Amino acid sequence: MIGDVAGARIVVTGGAGLIGRPTVELLRQKRAKVVVFDRIASAVSGVESVVGDLRDDRAVGDVMANADAVVHLGGIPGPNLEDDVTTYEVNAVGTYSVFSAAARSGVQKVVYASSINVNGLPIGKRRAPTRIPYDETEPVSIADTYSLSKEANEYAARMAATAWGLQLTGLRFPLVRDLTAGNGAAFADHVRTALRLDPLRQAYEGWSYLHAGDAAQAVLCALREETPPAPGILVAASQTYLIEETREAAAMVIPDVPIGDLCGRDVGLNLERSSSLLKFQAQLLLEDLGLDLLASVQEGRR
Ligand SMILES: NC(=O)c1ccc[n+]([C@@H]2O[C@H](COP(=O)([O-])OP(=O)(O)OC[C@H]3O[C@@H](n4cnc5c(N)ncnc54)[C@H](O)[C@@H]3O)[C@@H](O)[C@H]2O)c1
């Protein structure tokens, strides 16, 4: 953990991206000295922007010199966006390079982006979760390169802690978007389409999501708290984006999955580690922007 982000030199990889931008803005507000490392220049004023590639070990090493903390958000954020080898190189080897350079530079804390896909359930040759809500102990069943790269990140974090004494926290992000875009309409459209195209994937993700600004808050909490290096911590809004109660949705889409402790529209993930280890709770829910934005699980059944 770093005691105070004010005055700390914090390198944010992927700082020009969806989660990176609000993270950089939040850290700036907290008076950190932010250095963005990305293949695209940062548009946020008042930060140092270094354009480089995560696959360039020397550039990664140079940017870490004198850093107090690293927030590692750079990478390919999903399957089928790049070819498999590029995805693995950037996400797995690039992350190893970040951890290794951070350790060499005496960085106090690394926060890294893991994913809800780390166990491989929602994509590839998928397997239903053993229960809803599920937690970070859900068994792994990986059949795609993106999930494999995220699993590799969590193994690399374990090794970096054991071998080099590095302090790390992984955040298993769910679907992250800027909820405020179009006053929630863009996100509502996105989930309706997702429910139509791939209802099982949404169910296996527990119908979870997180506002990008809340993802930035989760990063800030992770910088301040000491946690195990892995497994990464599930962070998400406490409620689903569905209009139906979660039990009702599960009975319709995944009737064979046992249901545990769930009330109303509770998200299908167990967020106990997020609140106990990070003291994190998402602030913005889709319904805060309008009840009419909630989607029906029936979208996927039409
Ligand atoms: N957005 C989500 O829904 C989501 C969900 C789960 C996990 N994540 C993870 O969170 C992290 C951030 O995701 P995001 O949504 O902000 O993605 P994003 O694509 O918006 O941002 C990623 C940033 O990384 C940079 N980048 C990509 N390849 C690079 C390279 N070779 N060298 C240097 N920079 C490079 C990109 O330019 C971009 O600015 C990723 O690790 C992603 O896997 C995101």
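The model is predicted.

Start with the overall fold. The protein chain has nine helices and nine strands. Its C-alpha atoms fill a box of roughly 55 × 35 × 35 Å along the principal axes. A compact globule of 302 residues would have a radius of gyration near 19 Å, and the protein chain agrees, with 19 Å. Of these 302 residues, 52% count as buried.

Now turn to helix α5, residues 185-197. This helix has 13 residues. From first C-alpha to last, α5 reaches 18 Å, close to the 18 Å expected at 1.5 Å a residue. Which residues of α5 are buried? They are Phe187, Ala188, Val191 and Leu195. These residues cover an arc of only 100 degrees around the axis, so they sit on the same side of α5. What covers them includes β7 (175-177) and α6 (199-204). The face turned away from the buried side carries Thr193 and Leu197, both exposed.

Strand β7 leads on to the ligand. The shell around the ligand holds 23 residues, and Gly14, Gly17, Leu18, Pro77 and Ala113 come nearest. The elements that give two or more residues to this shell are β5 (109-115) and β7. What is the make-up of the shell, by nonpolar, polar and charged residues? It divides into 13 nonpolar, six polar and four charged.

How values were computed:
Residues numbered from 1 in each chain as written. Predicted model: local features only at pLDDT ≥ 70, side-chain atom pairs only at ≥ 80, totals over all residues. Helix = DSSP H or I, 4+ residues; strand = E, 2+ residues; numbered from the N terminus. Expected span 1.5 Å × (residues − 1). Buried ≥ 20, exposed ≤ 12 C-beta atoms within 10 Å, placed from the backbone. Arc of directions from axis to C-beta. Contact = placed C-beta atoms within 7 Å. Near = placed C-beta within 6 Å. Nonpolar A, V, L, I, M, F, W, Y, C, P; charged D, E, K, R; others polar. Rg over C-alpha atoms; globule rule 2.2 N^0.38 Å.
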